[in-house]
Amino acid sequence: MDLDAITEYSALHPKPSGLILQYGTAGFRTKAEHLDHVMFRMGLLAVLRSKQTKSTIGVMVTASHNPEEDNGVKLVDPLGEMLAPSWEEHATCLANAEEQDMPRVLMDISVKAAVNLQQDAFIVIGRDTRPTSEKLSQSVIDGVTVLEGQFHDYGLVTTPQLHYMVYCRNTSGQYGEATLEGYYQKLSKAFMELTKQTLCSEDEYRSLKVDCANGIGALKLKEMEHYVSQGLSVQLFNDGTKGKLNHLCGADFVKSHQKPPQGMEMKSNEKCCSFDGDADRIVYHYLDVDGHFHLIDGDKIATLISSFLKELLLEIGESLNIGVVQTAYANGSSTRYLEEVMKVPVYCTKTGVKHLHHKAQEFDIGVYFEANGHGTVLFSKAAETKIRQLTKELEDEKRKAAAKMLENVIDLFNQAAGDAISDMLVIEAILTLKDLTIQQWDALYMDLPNRQLKVKVADRQVISTTDAERQVVTPPGLQEAINDLVKKYKLSRAFVRPSGTEDVVRVYAEADSQENADSLARAVSLAVFQLAGGVGETP
């Protein structure tokens, strides 16, 4: 390790004095002008991680659903998964080291993680369409090259596509070919196979309007269109030609504002969906005949997919276990429907996709979607092997067809923690196979009215929780107060949790009517304000 060269290069990417950033589930994310030194250092860190794992590591330059002026970076581990927690700590240490300490911190990490510095390193890099992404990915390349790592720059790709590239390279092409062409072919082949029995169904089922958040998803869907055009006709809106990234459009806007994206013409009962800026989230929506907006979020997506998979498992008669993983934010109606109607077991984890992902790995087939539309289906290696074996061995035609469908679903789900394109193809295939309109899908169950509020507090750390954030431990008396308030309303529940980034407490409440959900949320907010050191205006 040439520390002089690193010091010299680092001076070209100086750290603003006193800036402290934390590597979280989303990697690093902040205003783009504060990130040059972080990108350079993540290039260095990726090389160390590659040497340590003797694998290709990915670096993605993106801030996902954040505003256009933000940017960020996340590292992708060897099997296309999120960075290991111990390396999240290394990333935070390295990013926050003052200029003169940075080489020493780098050496400390390589010693702590037992990195063989003689080992070769290979990094793949991708970026979203933000105006700052190209320059920032060049800073990553500077970090990679000064540590003599080799790299391949994929340029403009969705975050899930970069995850795919990493996984392909580390499985020597067994998973697929590590090119965009390979990605499109793998997904489209599985989609066309899955839907081939139904290609004569009515056109209206097979057309979809897609709000691309003025992001990378638009470019990649355009490239993919001709691969799936026989099975699906997509019409793209907010394709980046004139609007700002994620501005008044995209999955995050639609979910949080509960209204249609700007820049998309929606007629009544037309099937529409929205991606986020880096195409790893998806939500569906439509307007009914009275012009009312209906959102189909991650809960309903998980319900549709897990119900379909459960039916296929029953058809093949194999005892593979399936589980759906939710957070406390999942609507109570979805949990009840899954457990009581579909007889699918549901588990709850702390908020954050890494917690859901980890829990989902415990099942043969683990399905998880956050309410915001970020999620996927994980098949264990044993389940995948079993299903692929059954497609070859089964003689009963119905069972064989069900096993083949499961095999296609396996091929459609990318290794990433969420891929809006593959999620969209699976959803479209299921709706077509089950002959469901978007209204019929929406009517599987009715969401309970809910409300989310924020309460400013002097110190968010006074709140601690247990039971996957559904119960408050401290401050004393707060959980009892919430329990008493919940008893006053029908079909109600409420929980509070501290924000991970700012001194606010997030309040969630649901009840039998919107009026009651709002009333419960306000009452719980007041209890938080009084018992947990609220500041500013009383809720």
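1. Salt bridges come to a count of 32 in this structure, which is a predicted model. One of them pairs Glu193 with Lys196, whose closest N and O atoms are 3.3 Å apart, and Glu193 itself is partly exposed, with a relative accessible area of 27%.

2. Arg388 forms a salt bridge with Glu384, the closest N and O atoms being 3.1 Å apart; because the two residues are four apart in helix H13 (residues 381–393), about one helical turn separates them. Glu384 is buried at a relative accessible area of 18%, whereas Arg388 is partly exposed at 22%.

3. The side chains of Arg451 and Asp518 also meet in a salt bridge, at 2.7 Å from N to O. Arg451 lies in strand S15 (residues 450–456) and Asp518 in helix H18 (residues 514–531), so this pair ties together parts that are 67 residues apart in sequence. Arg451 counts as partly exposed, at 33% relative accessibility, while Asp518 is buried, at 18%.

4. Salt bridges that share partners join Lys381, Glu384, Arg388, Lys404, Glu407 and Asp411 into one network.

5. On the surface, Asp2, Asp4, Glu8 and Glu148 gather in a patch of negative charge. Asp4 belongs to helix H1 (residues 3–10) and is exposed, with a relative accessible area of 62%.

6. An unreviewed UniProt entry lists a "binding site" whose residues include Glu370, Asn372, Arg497 and Arg506. Glu370 sits in the loop between strand S13 (365–369) and strand S14 (375–379), and Glu370 is buried, with a relative accessible area of 11%.

Terms used
Residues are numbered from 1 along each chain as its sequence is written. This is a predicted model: local features need pLDDT of at least 70, side-chain atom pairs count only at pLDDT 80 or more; totals for chains, interfaces and linings use all residues. Side-chain values use heavy atoms; hydrogens and water are left out. Patches are made of residues with over 30% relative accessible area and no salt bridge: like charges are joined within 9 Å, nonpolar side chains (Val, Leu, Ile, Met, Phe, Trp, Tyr) within 5 Å. Accessible areas come from the Shrake-Rupley method with a 1.4 Å probe; for residues, only the protein chains shown count as cover. A salt bridge is a side-chain nitrogen of Lys or Arg within 4 Å of a carboxyl oxygen of Asp or Glu. Lys and Arg count as positive and Asp and Glu as negative; His and the chain ends are not counted. The place of a charge is taken as NZ of Lys, CZ of Arg, CG of Asp or CD of Glu. Buried means under 20% relative accessible area, exposed over 50%, partly exposed in between (1.4 Å probe, protein chains only). UniProt positions are given in the numbering used here, feature names are shortened, and annotations may be inferred rather than shown by experiment.
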